[in-house]
Amino acid sequence: ALSDPTGPDPTGFTVAIADVCAGASTAITITGATNLANGTYDIVYATDGGAPGTAVSLTFDASGDATTTIPIITPSTGVHIVSFVSATANGCTAPLTNVLVYTVSPLPVTTIEPITVCTGEAAVLEANTPTVGTAPFTWAWSSDGAAGIVDAAAQMTTATGVADGEIFTVTVTDANGCSSSFTATATIISPTVPTVAPPIVVCDGDGNSTEIIPTAGTSNGTV
């Protein structure tokens, strides 16, 4: 009880946190201890060995139960530690020894090979194996146009009916559930049709003439 000079007993006080992807947020879930007296407590914690700070005020009901969450803005990628220090109410403090370990995973990083295709041909969509992230990876292709993607869930696939300037997006998700998206713009190459010029007549100084017939290209008729 709070009147106990030794302070309230935090037996059963539990905390939990989920791993998270970089750039996302997570939360510490706190469940009240059955042996903490009814009342509102200031829960103090420290992160990654830093100085303790007040995390949240937690109110226990008559049965000693309470549940709340503390939002966490994720720090840099890697393993992080949250150490709970104490629960204090009405001048009585219960020491806490709960420790949480959680991981902030990086987002996968890939690149898309250039999408260059001749008019009327199918385009190859190819994403390179990610340099960051945890295998295995899953893929999801889409576009901002009307192209038909043969297998949108493949790392390498093809697309038909591609328009010049059409933007293709691939979203890659790794084994940790972390996702990121990348884009590439399609370039359509139109075939060059050679132009055959008319025959060219060349005269020599003796009045003789020779007819030259070009096989390709253009000419202004002079030599």
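What share of the 223 residues in the chain is buried?

1. Buried residues make up 33% of the chain, where buried means under 20% relative accessible area, exposed over 50% and partly exposed in between, with a 1.4 Å probe and protein chains only. This is a predicted model, in which local features need pLDDT of at least 70 and side-chain atom pairs count only at pLDDT 80 or more, while totals for chains, interfaces and linings use all residues. Residues are numbered from 1 along each chain as its sequence is written, and side-chain values use heavy atoms, with hydrogens and water left out.

2. Of the contacts (heavy atoms within 4.5 Å) with a separation of 6 or more, 52% are between residues 24 or more positions apart.

3. Strands E12, E15 and E16 form an open antiparallel sheet in the order E12-E15-E16; two strands pair if DSSP finds at least two bridges between them. E12 (138-143) and E16 (179-185) are the edge strands, each with a single partner, so one side of each has no neighbour in the sheet. Six bridges link E12 to E15 (residues 167-173), and Ala-140 stands opposite Thr-171 in E15.

4. E7 (residues 78-89) and E8 run antiparallel and are joined by four bridges. They form a hairpin with two residues between them, and Asn-90 in the turn has a positive phi of about 50 degrees. Ala-89 stands opposite Cys-92 in E8.

5. In E8 (residues 92-95), Cys-92 and Ala-94 form the covered face, Thr-93 and Pro-95 the uncovered one. In a regular strand, side chains alternate between the two faces of the sheet.
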